[in-house]
Each structure stands twice: as C-alpha cells, then as structure tokens.
Amino acid sequence: MPNNVRRPLISGNWKMNMNHFEAIHLVQKLSYLLSKEDFARVDVTVHPPFTDIRSIQTVLESDKLAMLLGAQNCHTDEKGAFTGEISPAFLSKLGVKYVICGHSERRQIFAETDEFVAAKVAAVLKYEMIPILCVGETKLEREESTTLERVESQVEASLKGLSAEQVASMVIAYEPIWAIGTGLTATAADAQEVCAHIRAVVLAQWSAPAAEGVRIQYGGSVKAGNIAELMSQSDIDGALVGGASIDPDEFARIVQYHHLAK
C-alpha cells in the first residue's frame, strides 16, 4: 500500500539509560543538531526512563522544542495497589504523547502476555496518548519460517477490541527480537515483507482506512548506516531506535535520513 499520507516517525527508546542530568544534556544537544526543516519532515519522539520524564517535559516546553515526549511503558490501571508501577493517567498529566507497549524486553524478561499488552494499549488510548505496539519474532521462529504467523497473532491479540479509528491513530513497531541490541538487522526487504504483512492484517481485520492510517516502524539495531534503505520501503513509516538514540549525533543522523538517501 503506497504511503501517500503517513508522516514518518522516528522514536528514541533510551531504555534504562541516562539519569535526568544526562537526559537534559542529550535533548539540548539534539535541539542544536536538528533543524526546523527536519521537524517539518519527521515526527521525533524521545522515551526516557520514568525518572527523567518531568525534567524532559520542562526542557521541551520551556525551550519550545519540537520533539515529542514519550514513555517506555505503563500499567493498565489508573491507580491502585500496584507497587512500582506507573499509571497512564500520570503520564498523560506530564505531557507524554506516545507510550511503548509490549516491547520484546517486557514480553521476555517480565513475561507480559498479549492480553496484558492489549490492556495497556487500551489504557494508553483512553488517556488520549498514542500507543507504539511492539511485535516481533525470535531467532528460532525466523529459522522455522513462522515469522509472519507469529507477528500476525501478536497484532490481532494485542489490538483485540479496538475500533478501526483507534487502530488508524496508533503505531505498530516491528522489532525482530534477534536483531535487538545484537548489531544484526533485518534486510530492508525482510523488514518490508513483515511490515507489509502487518498492514495486510490490519486491512483484513479492521478496514482500509485503518491500514492506510496506521504507522509501522522498524526496530532492531537501527543506525545511520541502514536507516535510509529501511525508510525507502513503502510500508516502513519510521524507526524505533534503541542504543543509537542515546548518541545524539547518531540519532540526529537517523532523523535526517532524507539527506543520507541522496
């Protein structure tokens, strides 16, 4: 499905890195490296640890920066006896616009199920933020040629009960687990195949407007050296960037992928 309407989205997932002093410095440096023209072409989100969010919100608002604030996770409930968890309502009050849901590290290390991820996606939407739903296969699943089936089942289960309009408004990130933090990257053709399949699933299960509207990112060892080829694919609308996002120079080059393509 040709991309005639979807605005590119580059997201930086800082994971458990950067204290709030380091976070402020990183965002301020990015503000010098990125121009108004860059932000006119691409939406850019940064997803710091919870302890940094208020500091980054203050910097973005006071300096009128065009970056959008994101979070790496949230709980499903507004409040309650959930020690150590973070309410989506709290994030919304802090100006968070995007929330990552179901990252493979959450699924693998913390045993989050598709059902729990679906509840998180619904909670994020309830508080008028945008979910970035992560899906992807293991190395074994790829070797067994079950990638498309695995990703399809994750999409369907994690978006269960949502309307076509809700799906159209959100982001799905395809992140092959074997490529996260390993230095390995799916080829642009492989990434395109899976992202196109995700869009086909949305078309079949929801609607053509949902399939046309939903933005699909690729994540997995994204860097300046491979972003231009990835972004040239018709069904890849952006990137969920891990390690490279805490290097401001590298992340800025990723955001500026349109220059690299020339």
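A residue counts as buried when its relative accessible area is under 20%, as exposed when that area is over 50%, and as partly exposed in between (1.4 Å probe, protein chains only).

Some ground rules come next. This is a predicted model, in which local features need pLDDT of at least 70 and side-chain atom pairs count only at pLDDT 80 or more, while totals for chains, interfaces and linings use all residues. Residues are numbered from 1 along each chain as its sequence is written, and side-chain values use heavy atoms, with hydrogens and water left out.

## The whole protein

Let us start with the overall picture. The protein has 14 helices and 8 strands; these are DSSP runs numbered from the N terminus, with helices being H or I of at least four residues and strands being E of at least two. Its radius of gyration is 17 Å, close to the 18 Å that the globule rule gives for 262 residues, so the protein is as compact as a globular protein of that length. That radius is taken over C-alpha atoms, and the globule rule is 2.2 Å times the number of residues to the power 0.38. Along the principal axes, the C-alpha atoms fill a box of roughly 50 × 45 × 35 Å.

A contact means heavy atoms within 4.5 Å. Among contacts between residues at least 6 apart in sequence, 75% join residues at least 24 apart.

The accessible surface comes to about 11,700 Å², and 55% of this surface belongs to carbon and sulfur atoms. Such areas come from the Shrake-Rupley method with a 1.4 Å probe, and for residues only the protein chains shown count as cover.

## The nonpolar cores

In soluble globular proteins, nonpolar side chains tend to be buried together. A nonpolar core is a set of buried Ala, Val, Leu, Ile, Met, Phe, Trp, Tyr and Cys residues joined through side-chain atoms within 4.5 Å. The largest core here has 72 residues, and those touching the most other members are Ile10, Met67, Val99, Val121, Leu159, Ile198 and Tyr218. Helix α10 (residues 188-205) gives the most to this core, with 7 residues. A second, separate core of 8 residues includes Leu9, Ile132, Val171 and Leu240.

Which residues does Ile198 touch, not counting residues up to four places away in sequence? They are Val135, Val151, Val155, Ile172, Tyr174 and Ile216.

Helix α12 (residues 224-231) is mostly covered, with 6 of its 8 residues buried: Ala224, Asn226, Ile227, Ala228, Leu230 and Met231. Their cover includes β1 (9-13), α10, β7 (215-219), β8 (238-241), α13 (248-255) and α14 (257-260).

In helix α13, 6 of the 8 residues are buried, so α13 is largely enclosed by the rest of the structure. The buried residues of α13 are Pro248, Glu250, Phe251, Ala252, Ile254 and Val255, and they pack against β1, α1 (20-33), β2, α12, β8 and α14. Pro248 touches Leu26, Lys29, Leu30 and Leu33, leaving out residues up to four places away in sequence. From C-alpha to C-alpha, Pro248 and Phe82 are 35 Å apart in space, and they are 166 residues apart in sequence.

## A few residues up close

Here is the relative accessible area of some individual residues.

| Residue | Relative accessible area | Class |
|---|---|---|
| His47 | 0% | buried |
| Pro248 | 13% | buried |
| Asp114 | 14% | buried |
| Ser221 | 18% | buried |
| Glu128 | 75% | exposed |

His47 sits in strand β2 (residues 43-47). Beyond its neighbours within four places in sequence, His47 has contacts that include Ser11, Trp14, Lys15, Tyr98 and Ile132. Asp114 lies in helix α6. Setting aside neighbours within four places in sequence, Asp114 is in contact with Arg107, Arg150, Ser153, Gln154, Ala157 and Ser158.

Backbone angles bring in the remaining pair. Most residues other than glycine have a negative phi, and most peptide bonds are trans. Phi of Glu128 is near 60°, a positive value, and Glu128 is placed in the loop between α6 (114-126) and β5 (130-135). Phi of Ser221 is near 55°, also a positive value, and Ser221 belongs to the loop between β7 and α12. Is Ser221 buried or exposed? Ser221 counts as buried, at 18% relative accessibility, whereas Glu128 is exposed.
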